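Hi,

Here is the structure I promised to pass on to you. Have a look at it first, and then read my notes below.

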Amino acid sequence: MRSKLSIVFLKELREHLRDRRSLAMVALFVLMYPVMLGWALNHLIERATKPEREGMELAVIGGAQAPTLMAQLKQKNVTVKHLEPMDEKAITELLRARKAVALLRLEEKYADNYNDMRPAGIELWYDSASDDGPRQRDIEDVLNAYSSSIAGARLLAHGVSPANMQPVKVQRYDTGSNAARSATVIGAMLGFLFLPAFLCCLSAAVDSTAGERERRSLEVLMAQPVNPLMLVGGKWMAAGALSIIGITLELALAHGVLGWLPLEEIGMSWRVTSWSLALVCIASVPLSLFAAAAQIALAMNSKSFKEAQSVLSIFTLVPMLPGLAVSMLELETADWMYTVPMLANQTLLRELAKGQEMGMLPFALTFLSSLLPALAIVAFASWRMKSERYVLAV
Amino acid sequence: MIEVDDVRKKFGAVQALGGVSFTARDGQITALLGPNGAGKTTLLRLLVGLLKRDTGSITIDGADPEKDPMAVRTNIGFLTDQFGLYERMSTREYLVYFGELNGMTARAANERVDEVSHLLVMDDILERRSKGFSQGQRIKVALARTLLHRPRNLLLDEPSRGLDVMSTRALRSALTALRQDGCCVIMATHVMQEVTHLCDDVIVIAKGHTVAQGSPQQLCQRTGIPNLEDAFVSLVGTEEGIAA
């Protein structure tokens, strides 16, 4: 004969699998984050790789007056597009439509001023609202380099060394490594990857407790010769099972997407092997169980489905807080982080993504950090179910 | 056999039961009569061990529901005022689930489902999910759940509400069969005709007290009123009745 726990578990699971709302939620959260992540990164990669092949497009008005400048731009792989004179509005339109990274407008007397050695005016038009900032800077650099080379030649003609023009020489060094950059970007996205542990079981947890209470079938169930621990336990495991399935599929899908995208193109990397991802999934099983336990304990006390839903939608934000606090305070990864549910899972995956070598301790701590509170909450919930006050409220 | 002696229960300042005593014998159908708010639901919840009494004693086949609720519940079929159906399960799945919770194997429960279904004339809804069931169909399923594990004691809260004539007859013959088998049946009801036709013994409670116990005829004799309904009203409504 089967144990009471497995009888309750199988019945609840069967009901959940017949509930379209529960299943739709699981499917949604399995697909949503990996697809969003893949789409956002793919967008970044496409944009980052395009200009290398095609060069930058620069619109120029009156370019014929400065053939040397045009030649220099071309040398720097900038494609010059000559345009007829246009007004400010037309230029704004052009830049907004991203037909060119920026626009140069040479004043009408450019050639005369240049020849007379007066400052020859060039207007640089750009749209700072677009995210072409680095490329606009490149064009400015070309203009500055051109300007100082002419100045140097003129000074030389007067017998002055061009070095006088450069009392200070600036050289730039960027210490941001690719791995660190990708850790920041991926770290921010990873925070959300574990959220489905709390979302996939939500509907099931509410339905099997507050829903059962609202439909008034809970008293009947409580009057059966079954220990409340078995009732709560069965419901807990059935709701948790949905989350375990959901989060495992979601992580696998995200792993596939991140492994497939050419992240090197944007200076990022995904160094998690399938084996360590499998370990992360196993270490995250208790997170789903923790989520289900907390939600059941909370929803159990709600009088209606609706009340439970609103309580739980607030609760779902709570596990995100430690992760947010850590990133806002810019704390270094420390061992204590593996003892906080959710934060532990986020930290574990982030460290793996950085390509960090880790022992088994973080995995074990992550596993236990959710499992122990989950068991405590289930024990509390079944104690609560036994209480007379709860029976009266049912 | 269910024996209740001077059971009292207070919820805060409200005295829900102020001294209830009666004996419901095996092989008899005992009616539990009382106006709304008399304490019937509290009494039934005490009998299955969902609530704890303040004073007094309860024994069901010799066991105390407060000390050993699991053993007592295994021998009780409890029909509450709520049906407690699950819309996403078929009637058969629902019944087998409760059979298993009561210690039956899935196979035994399945076989018993067929028997009970035949008894209550509900073969047509056996494989259907309970969504959209009529009131009568719902109570049949709940009744089937109550009878499924062959409990020796049955606590039924208004079992005939919502049933049509045919189903009421089926219920009546089911209860008669249970009586012949020697079961102890307690039935809370408001239908006097049912009490007169079916019940061997009547317990009248009002305002948390046992007002009277006896056969329908004895109650009529005691009040000197030939009609049971009028006798009930007189027992419940007078100060003498409550003091008795």
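Predicted model: local features only at pLDDT ≥ 70, side-chain atom pairs only at ≥ 80, totals over all residues.

Let's begin in chain B, with strand E7 (residues 184–188). Is this strand mostly covered or mostly open? It is mostly covered, with five of its five residues buried. Cys184(B), Ile186(B) and Ala188(B) point one way from E7(B), while Val185(B) and Met187(B) point the other way.

Which strands pair with E7(B)? One is strand E3 (residues 28–33) of chain B, which runs parallel to E7(B) and is joined to it by five bridges. In that pairing, Thr30(B) sits opposite Ile186(B). Another is strand E6 (residues 153–157) of chain B, also parallel to E7(B) and also joined to it by five bridges. Here Leu156(B) stands opposite Met187(B).

E6(B) and E7(B) belong to a further arrangement: together with helix H6 (residues 165–180) of chain B, they make a right-handed β-α-β unit.

Now for the contact between the chains. How many residues does each chain give? Chain A contributes 20 residues and chain B contributes 22 residues. On the side of chain A that touches chain B, the elements giving two or more residues are helix H1 (4–17), helix H10 (218–222) and helix H17 (388–393) of chain A. The residues on that side comprise nine nonpolar, two polar and nine charged.

Enjoy exploring!

Best wishes

Conventions:
Residues numbered from 1 in each chain as written. Chains lettered and ligands numbered in written order. Contact = placed C-beta atoms within 7 Å. Helix = DSSP H or I, 4+ residues; strand = E, 2+ residues; numbered from the N terminus. Nonpolar A, V, L, I, M, F, W, Y, C, P; charged D, E, K, R; others polar. Buried ≥ 20, exposed ≤ 12 C-beta atoms within 10 Å, placed from the backbone. Pairing = 2+ DSSP bridges. Right-handed = clockwise from strand over helix to strand, strands pointing away.
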